[in-house]
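This report looks at how two chains meet and at how one part of the fold is arranged. Please keep the sequence and the structure in view while reading.

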Amino acid sequence: MNIGYYPGCSAKGSSLDYELSSAAVCRELGLVSSEITDWNCCGSTPAHAISSELSAALCTRNLMQASKQGADVVMTPCPSCLSNLLHAKERMKNPEFRKRVDELLDEPSKEDLPEATSVMQMIGRMYNTGQIAAHVKMSLAGLRIAPYYGCLMSRPADLMNFGDPENPTLMESLLAACGATDILDFPLKTECCGAASGIPHRPLSSVNSGRILELATRMEADCIAVCCPLCQMNLDLRQKQAGRQAKTRFDMPVLYYTQLMGLAFGCDEKELGLDKLIARPDKVVDKIKALNTAVREAQGGKA
Amino acid sequence: MRIGVFVCHCGSNIAGTVDCKAAAESALALPDVVYATDLMYTCAEPGQAAIEQAIHDYNLTGVVVASCSPRMHEPTFRRTVERAGLNRYMFEMANIREHVSWIGKDMVANTNKACELIGMAVAKLRNNRPLYAQRFDITKSVLVIGGGVAGIQAALDCADGGIPVILVEKEPTIGGKMAKLDKTFPTVDCSACILGPKMVDVAQHPNITLYACSEVDDITGYVGNFDVKIRRKATYVDWSKCTGCGTCTEKCPSKKVPDRFNENMGLTTAINIPFPQAIPKRASINPQYCRKLTTGKCGICAKVCPTKAIDYTMKDEIITVKVGSVIAATGYDLMDWTVYQEYGGGKYPDVITSLQYERLLNASGPTGGHIVRPSDGKEPKKVVFIQCVGSRDKSIGRPLCSGFCCMYTAKQAVLTKDHIPDSQSYVFYMDIRAVGKLYDEFTRRAIEEYGTEYIRGRVSKIYPDGNGQYVVCGVDTLLGQRIEVTCDLVVLAVGIEASHGASHLAEKLRISYDQYGFFLEGHPKLRPVETNTAGVFLAGVCQGTKDIPSSVAQGSAAAAKVLALFSRDKLENDPQIAHVNPARCVACGKCIRCCPFGAIKEETFRGQLKAKVIDTVCQGCGICTSTCPQGAIQLSHATDNEILAEVNLLCQY
């Protein structure tokens with residue numbers, strides 16, 4: 001299988017740590033992909049809010065670029081990019097729609113565009129629990145993780161293919177393969193973080209993110225594991241804003257699931273972009289190390 | 001033959017897109033047609049009189065009416081021609097409404113098609129022969145399946161009318177869902193107090209035989225003569241000896257059995273009597289949890305039973321009864337609401353169904369009528385009710401309205417305030433559907449006098465807030481605002497579906513059912529109690545969502561149908577049945593094997609084996625006629641010659 005990698009805009013900027021850690025995890029697992037040459041922005045929310053055709057044209061171009069370099073599947077870390085790619089593919093099945101999109105493209109679109117999926121689903125598809133566990137050097141056992149998918153990763157259900165849209169479980173199974181034993185049954189795992197409302201209407205995203213942070217704190221989570229750059233930004237970068245709205249101070253590390261997997265695989269912290277996080281993840285790293293040391297000591301001190 | 005053709009305008013239903021006058025005129029060109037006319041409303045009294053008059057005036061020997069579907073009015077017109085002295089089967093109907101005028105707008109094309117359909121009817125009529133029904137004896141007794149309030153009402157009314165009733169209930173007690181309710185809307189009277197006496201009447205009525213813990217295994221036969229196999233499930237207690245004293249339930253050591261009657265809100269013992277007013281008040285053993293039956297070691301109930309009624313070796317017993325009619329009253333079950341992951345999918349202990357809440361409210365329920373949270377036994381102060389959970393929700397394939405949830409939710413909110421005066425109830429609703437007598441007044445009372453907060457909007461999420469309470473997130477669509485309510489208990493008004501297993505029963509009864517398992521009535525407006533199988537009637541929610549008054553009304557209606565049926569000593573069969581031509585029959589036996597009703601047997605005719613149709617059993621389905629390699633079996637009123645005459649008429653151009 002020839003895998004094309006579509007980073008999306010945020011991977012090169014605000015969520016560089018997501019890209020770094022995804023790359024590190026894929027490298028450790030041996031998942032080979034090649035970045036799509038001359039890719040463009042998927043259009044994000046602004047494009048499809050204005051015109052479905054524009055959004056589809058941007059995404060179709062990316063898929064065609066991938067196709068040219070021989071990719072039969074495109075994977076992206078970002079749920080929003082994935083949603084746009086999948087919506088475009090679905091809408092392009094309508095010949096009338098396709099005609100209108102073709103007018104926007106330099107060259108007419110191809111009939112069979114590559115499949116699109118998330119990095120998370122690709123890892124889940126290619127490696128079983130045992131294969132992932134084989135790479136684990138520091139188990140996540142004992143770390144209390146609140147898995148959080150955000151609203152977009154599992155919806156709409158028939159496009160995103162994540163099983164029950166209210167209760168997806170793939171992230172949990174990947175983390176469990178890394179030894180995690182204390183993954184919380186987090187009720188808000190698919191609730192909206194406030195998404196882009198942080199810009200036009202800050203209180204909305206503060207309330208939404210605050211609710212998630214508050215419940216994770218109450219459930220005594222050590223960290224929240226996320227898979228969406230925007231969720232991460234709202235929960236981490238805007239954690240102070242959310243705290244002000246809730247008249248409290250949160251201190252909740254918000255890590256990409258790939259950063260947690262990378263830690264388990266023994267990757268370098270820098271290589272996982274942990275230094276990019278606002279809410280310091282040191283206590284998470286320390287706890288993982290301490291728990292692993294304790295286990296080793298219990299087993300007779302062998303390293 | 002002298003045929004008259006009557007083309008109906010049906011007001012503008014047909015005349016709007018079919019030239020009825022031209023259709024009638026064209027019919028005059030058909031062979032044997034001596035009279036043709038168009039009428040405004042043929043089924044109305046003047047229309048029928050016109051047919052009768054024409055039969056007399058023109059000496060007609062056959063009649064064709066071109067109008068609506070024969071489903072409704074074929075019997076009407078058959079009676080009309082019979083009144084005028086013709087055999088009722090010398091009549092044919094052409095459907096130019098459902099098959100023509102309602103489905104096309106092109107006047108010319110429609111008129112042509114109407115003419116062809118009339119032509120086919122005339123062609124068939126020219127081959128018709130008079131048919132005569134046979135009379136047969138009937139068994140004047142009725143089987144009522146399901147002992148909920150609808151079945152109880154039907155059974156009592158039939159029994160009062162002097163008809164022996166066999167009432168079959170699959171649970172150990174009758175009473176159905178109503179027996180589980182605390183109070184009933186809109187009068188807030190005690191459910192058990194109004195249903196209890198009726199249940200006792202069932203037990204005491206000399207005309208009613210009650211088989212609880214029983215199910216219908218098989219039904220064969222036809223109206224007037226059904227043979228029913230009833231499976232009496234093993235209760236491991238000899239009910240002829242059991243007095244219902246309850247000693248066994250006190251002493252039973254297996255005390256952690258989910259209490260089905262209490263909707264699993266409490267625990268019971270492996271041997272138990274469902275509730276104090278149970279009818280019959282007899283103990284039964286749940287074999288899944290009985291220590292004696294699972295491990296072989298125990299036997300305490302047998303030791304303590306003063307009448308020696310316990311029998312661990314009991315097996316299911318099949319009994320056979322003969323009845324003339326069947327009333328299905330199998331009620332409903334709640335749909336599986338755990339598909340709603342956003343409401344926790346069943347993992348939060350304090351998110352319960354309204355039927356479970358009903359048991360909490362009930363004085364004979366697991367908490368003695370005290371409202372407490374299942375998780376910690378504390379009294380809730382804030383209760384959220386969510387309506388339409390599994391109703392009117394296309395996203396889970398359930399567009400139907402369950403009909404009574406709006407009302408019982410209002411009732412439960414009122415009762416919550418009565419039980420806990422310092423409590424506050426919230427109701428998330430889509431619309432308040434309170435259409436019955438005194439219903440809207442009642443919901444207004446819940447809002448205005450009891451201070452229930454009604455919030456118009458759906459709930460998107462329920463989650464535990466980590467402090468022992470639950471957060472209910474929703475939207476107030478009247479204010480256009482998101483809303484969050486922190487509460488102690490959430491009650492879901494879960495939508496209903498037909499009783500589990502209803503579809504299997506429908507197949508045994510040979511009646512139709514819809515995608516939710518509800519049984520199909522004969523006509524949605526004019527035959528709401530009958531089914532399309534003669535002698536099988538419906539009562540209660542098994543036919544569609546209904547509240548208690550409507551269920552009781554339909555129970556009485558079904559009983560009235562049975563009493564009307566049994567007012568005759570003999571019934572007439574439908575002569576549209578199969579007949580064997582012995583000269584052509586080669587006794588291959590294919591028809592015997594394919595007949596779904598067992599209506600064909602072998603007999604020796606002039607020393608040779610031949611197939612023979614049992615007239616009263618044949619339902620006229622026609623499977624045998626299309627299977628017979630010799631064309632020896634013909635279905636009266638749909639013979640090969642009659643059908644080919646229609647085909648020839650169509651194919652002559």
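In this predicted model, the side chains of B:Lys347 and A:Asp185 come together in a salt bridge, with 3.2 Å from N to O. Across the interface of chain A and chain B, the rule finds 3 salt bridges, and it also finds 5 residue pairs in polar contact, both residues being at pLDDT 80 or more. On the side of chain A that touches chain B, the residues divide by class into 5 nonpolar, 2 polar and 6 charged. In this interface, 13 residues of chain A are in contact with 13 residues of chain B, and the two chains bury about 1200 Å² between them, of which 44% lies on carbon and sulfur atoms.

Within chain A, 4 strands form an open sheet in the order 6-5-7-8, and their pairing is parallel. Strand 6 and strand 8 of chain A stand at the edges and have a single partner strand each, so one side of each is left without a neighbour in the sheet. Strand 5 of chain A pairs with strand 6 of chain A in the parallel sense over 2 bridges, and A:Arg144 has A:Asp182, in strand 6 of chain A, as its bridge partner.

| Strand of chain A | Residues |
|---|---|
| Strand 5 | residues 144-147 |
| Strand 6 | residues 182-183 |
| Strand 7 | residues 223-226 |
| Strand 8 | residues 254-256 |

Helix 13 of chain A, residues 257-264, packs on this sheet and touches strand 5, strand 7 and strand 8 of chain A, while the direction of the helix makes about 75° with that of strand 8 of chain A.

Key:
Residues numbered from 1 in each chain as written. Chains lettered and ligands numbered in written order. Predicted model: local features only at pLDDT ≥ 70, side-chain atom pairs only at ≥ 80, totals over all residues. Heavy atoms only, no water. Contact = heavy atoms within 4.5 Å. Buried area = accessible area lost by both parts, 1.4 Å probe. Salt bridge = Lys/Arg side-chain N within 4 Å of Asp/Glu carboxyl O. Polar contact = N/O pair within 3.5 Å; in protein donor to acceptor, adjacent residues only side chain to side chain. Nonpolar A, V, L, I, M, F, W, Y, C, P; charged D, E, K, R; others polar. Pairing = 2+ DSSP bridges. Axes fitted to C-alpha atoms, helices over the stretch in contact; angles between N-to-C directions.
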